[in-house]
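Try each task before reading its solution.

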Amino acid sequence: MGSRLLPFRKFARSGKREGRNPAYPADMNITLIALGVSDLSKSVAFYREKAGFDLQNQFGSIAFFSAGPITLMLNGGLRRPDGPLAGAVEIVLAADSVTESHRQFMERGCSFINQPREVTPGSWATTFTDPDGHWLTLFGPK
């Protein structure tokens, strides 16, 4: 996974928008990410109590969480015919200290798939999973 973060880090520092399609406005931004979940109540509890996101609204088979400038939507009806694609989604979360955040998330009961490690010079990462196997990666300084 470490090598996958290098292009992200390089892009984040440069601010360049290389490869942008000129037919679309320059200010196109992602405002919402929707995750298919198998058990909405279990996932809402995880994202609220363990991951620490603020629940904004919930009705029917969907729930909305505040995630900075992006809204995270959990959708019990957004599933592939053969079920959710566990691990096919990775959400990268900025951390002031990856090792300290790792400790705090461990105390909340999160299950990590790896230990904090340096992925690029000066940048560390560690990944935990939600109830459906989606990855949440803490990324930042040690």
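**Exercise 1: a charged trio**

Start with Glu100, which is partly exposed at 31% relative accessibility (buried is under 20% relative accessible area, exposed over 50%, partly exposed in between; 1.4 Å probe, protein chains only). This is a predicted model, where local features need pLDDT of at least 70, side-chain atom pairs count only at pLDDT 80 or more, and totals for chains, interfaces and linings use all residues. Residues are numbered from 1 along each chain as its sequence is written, and side-chain values use heavy atoms, with hydrogens and water left out.

Task: which residues are linked with Glu100 in a network of salt bridges?

Solution, step by step:

1. Apply the criterion: a side-chain nitrogen of Lys or Arg within 4 Å of a carboxyl oxygen of Asp or Glu.
2. Arg103 pairs with Glu100, with closest N and O atoms 2.3 Å apart.
3. Arg103 also bridges to Glu107, at 2.4 Å between the closest N and O atoms.
4. The network therefore links Glu100, Arg103 and Glu107.

**Exercise 2: spacing in the helix**

Task: how many residues apart are Arg103 and Glu107 in helix α3?

Solution, step by step:

1. Helices are DSSP runs (H or I, at least four residues), numbered from the N terminus.
2. Arg103 and Glu107 lie 4 residues apart in α3, about one helical turn.
3. Arg103 and Glu100 are 3 residues apart in α3, again about one helical turn.

**Exercise 3: another pair**

Task: is Glu49 buried or exposed?

Solution, step by step:

1. Glu49 has 52% relative accessibility, so Glu49 counts as exposed.
2. Its salt-bridge partner is Arg48, at 3.3 Å from N to O.
3. Arg48 is partly exposed at 37%.

Conventions:
Helices (H or I, at least four residues) and strands (E, at least two) are DSSP runs, numbered from the N terminus.
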